[in-house]
Amino acid sequence: MDDMLNTQGHVRLGSSAGQPLTRRDGILKVTGAAPYAADARPEGVLHAVTLAAGIARGRVARLNTAAAEAHPGVVKVYTPANVPALALSPDEKIHPFVWRMEVLQDDRVRYAGQPIAMVVAETLEAATEAARLLAPDYEAEPHRVTLDDAEPFDTETLAFGRPANMTKGDLATARATSSRHVTTQVETSAQYHNAMEPHAITAQWVGDRLEIDTPNQAIGLSKQTFAAFLGIAPEQILLRSPFIGGGFGSKAILYGAQLLTILAARDLDRPVKMALRRDQVYGPTGHRAPTRQTLRIDMDDMGRITALDHDTITLTSSFDEFLESASNASHSLYAAPVLRTTHHGRRADVGTPGPMRAPGEAPGSAALEIAMDEAARAAGLDPLDFRLLNHADTDPSSGMSFSSKALRECYAEAAGRFGWAGRPQEPRQMREGRLLKGWGMGTAQFPCPMFQAAAHATLRADGSAVVETSAADMGQGAWTALAQIAADGLGIDIDRVEFRSGHSDLPDAGVAGGSGHTATAGTALFNAGSDAVRQLADLATQDPASPLFGAGNAGVTARSGRLWRNDDDRSEAYEDILARAGLDLIRGEGTGAREGEPTHAMFSHGAVFAEVLVDPDLGQVRVSRLIGAFAAGRIINPALARSQLLGGMIWGIGMALQEEALHDIRTGRFVNNDLAGYHVPVNADAPMVEAITVHEDDPFVNALGIKGVGEIGVTGTVGAIGNAVWHATGVRPGRFPIHPETLI
Ligand code: MOS
C-alpha cells in the first residue's frame, strides 16, 4: 500500500484534509464571475437551435426548410439531407459510456424531444424563430411510453455491462422451509436531471484544432470520444469545463446536439454556440428510467431473513440499452443466505436512459427499504431491530464490507439523535394538531468504485506549488477537496497550492461520477505531491550542506513547506533545498486507481430517519425532520461532505414526494418538462435535514481511506420517508413519488 502512494517514509497526510474549508471557487460563483459554457462569446459566434420532435414515433415527412432559410439572420439549416457526416457511425459503441446519438442521420423519430433539425443563425432569436418555421409534418406511428405498454425483451446485461441476473443458494427450498413470507411491489418514476445549468456547448475551430466549452464530468474520456466521432486526434481537441452547474450523471455522456454544433462550426468556419432550453434537455441527455420492483422476503420464526428475491422491470429506449440495476441494491446490504436478483427490460419510445445520481441504487434502495419494513412488521419487530437482526455481518457470505461496524454506529447515532426509541409500533398513533405524524427509517449504502486518474504536482522556487489534473467540479466542491489532498501530498499549506483544472490539456482526472472522483483524482494528486517531495528529499539528504544530510535511512517528513528529519528535530525549507540545488522547480507525477482485485466489499453506509406530517383530508405529505448518519471513510472536507449528503437526502425528498416526468400518453410528449411542472424540493420542502458523519478508518478501500459522499444520501432516504408515511397513515406506498390521493 505504501508503494501505491509513493510515500517511502517521506510524507504523511497532514493538516489540510479534514478541515471544513469553504469552496475555493465560492466567490467566483456567487459573484457571477465563474464562466459557464454558454457564457463563452468568441468573436463572430453563431447560435444553434435544435428542433425537437413533437411525436414519439414515426418519421419526419416534411420540413419547411425554405421558410426557415428565408428568415433574416439564418445562416444554415441542417436536416438529414445536408448534415455533414461523422467519421464514425453514431451507433458505434467505442466504450461503455457511449449511447446512440441523434445527429440527423435519418428521418426517423424515436422519441418525443429528439432533435430532428438544427438552425444556425446570427442571433439566438433568429435561430429560435427559424426553428419554429420548420413546422414539421410527421408520419406518426403508434407509440409506447409507459412501463405497461412497453415491449419486453431479453437481456443479459444492465447499465455499464453488469449482469442482469444473479442467484445464490436454492430459493425453492428456502421458501418451502420458511415460516414467514412477505411480497412487496414498489414503482418508481421517470426522473430527469434538471441541473441548474442546462446542457450547452460553444465550439470553435482554430485551424485544425477544436476548442469546445461544454460542461463535462469526464473530460479526458469525452475528449477521446469527440475525437473518435470527428475523426481527429484527441490532441487536436481542447475541452474546457471549468464549472459545471450540476450534472448528476447527464454530463458524463455525449449527446448528438454537441456533435452537430461542432460539425456546424467546421462547416461554416465560425464559432457556434448551442444552449439547450430546459424542455430540450428532456429526451436526448439521459434520464432515470421508471422501475416496477417486486421483492419477496422469506423469514424464519425469529424474523431472520432466509431468502431475498428482488425483481426489477425497467424501461429503455427502442434503440439502445441502459437498464437500471435496481435489484442489485439487495446484493450485500442484508444477510440473505439465499438470494436472487433479476431484471427485465422493456423498450419504449423514449430517449435512452442514463446514469442519474445513484443509478440503480436509488430506486433499488427505495423498494428494498419499504420491503424491509413490511418484513419487520410480519416478524413483529421494530424496523430498526429487524435491520440489526438481519445486518449483513451476521452472514459472512453476504460480502459485507469491512465497515459493517461503522454501519452499526450509523444506526445508533442517527436513531439516538432522532429519538427513535419511543416510536409506537402501530401506525396512526401520533398526531401534531390535526396532522398525522409518522416515523420511518431506511438504510443507506453506496459502493466505492475508483477510476483512472493522473496528476502533476510542481514545487516552485518560492516553496509554493501548482497541481494539475483535469478534475470536474460540478458543484460538489471537488476543486477544494482535491486541493486539500494535494496540499497534504506536498506537505505545504493549501494557500500555497495553485490548483489548475477543468480542461483537457491537463492530466486526465477520470470521471466525476460513481462517487469515486475524490478517491481517484485525490490519490493521483497525493501521489504526484509525494513524488515531488521524494525528489526534494533525495536532493536534501544527499547534500552535505543540508541539515537533512544523511537522513535517508530514517527518512524525512514533509510538513508546513519544510522537510523534517525523522531522527532528530532539524528541518529545512523547500525553497532553500531548491535554491541550493539551483532548481526553479521539481515536478512530481502520480496516478490514482484501484490496485489489484479488491479483497473486501467496499461501500459507504448510512442510516436515515424521517418524520412526516400527513394531512388526513388532503393526503399532503410534509417531511418535518430528516436525520442521517453516514460512514464514508476519511472525510476530506466536513463542510463539503455534509453539503453533499444533505443534497442527496433532499433529492430523496424529491424522489419520495415530488419528482416525476409525465408523458401525455396520447402524443407521447412530456407534459411537465419545465421547473414549474417538474417538482423538485425547495427550502420549504426540507425544513429540517441533518447529516452526521460517523468516524471510519477503512484500510482496504484505498491508501487514503477515502470513500464517496455524492450519491449515498438519496439511498435510504426515499424508503425512510415511505415508511414514515405508512407509520402516519397505515397506507404502504406502492409508488414513488407518493401521490396524495393514495393516502385518503
Ligand atoms: Mo453519477 S450518476 O455517478 O454522475
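**Exercise 1.** Is Leu104 buried or exposed, and what is its relative accessible area?

*Solution.* We work with a predicted model, and we begin by locating the residue: Leu104 sits in the loop that joins strand S3 (74-78) to strand S4 (108-109). The next step is to recall the cut-off, by which a residue is called buried when its relative accessible area is under 20%. Leu104 has a relative accessible area of 3%, and therefore it is buried.

**Exercise 2.** Describe where Asn194 lies, and then decide whether Asn194 is buried or exposed.

*Solution.* Asn194 is found in the loop between strand S9 (180-188) and strand S10 (200-206). Although Asn194 is not a glycine, its phi is positive, at about 50°. Its relative accessible area is 12%, so Asn194 counts as buried.

**Exercise 3.** Find out which kind of peptide bond leads from Phe736 to Pro737.

*Solution.* We first place Pro737, which belongs to the segment after strand S29 (735-736). We then read the omega angle of the bond from Phe736 to Pro737, which is near -5°, and the bond is cis.

**Exercise 4.** Compare the radius of gyration of the protein with the value for a compact globule.

*Solution.* For 744 residues, a compact globule would have a radius of gyration near 27 Å, and because the protein has 27 Å, the two agree.

Methods
Residues numbered from 1 in each chain as written. Predicted model: local features only at pLDDT ≥ 70, side-chain atom pairs only at ≥ 80, totals over all residues. Heavy atoms only, no water. Helix = DSSP H or I, 4+ residues; strand = E, 2+ residues; numbered from the N terminus. Buried < 20%, exposed > 50% of the residue type's maximum accessible area, 1.4 Å probe, protein only. Rg over C-alpha atoms; globule rule 2.2 N^0.38 Å.
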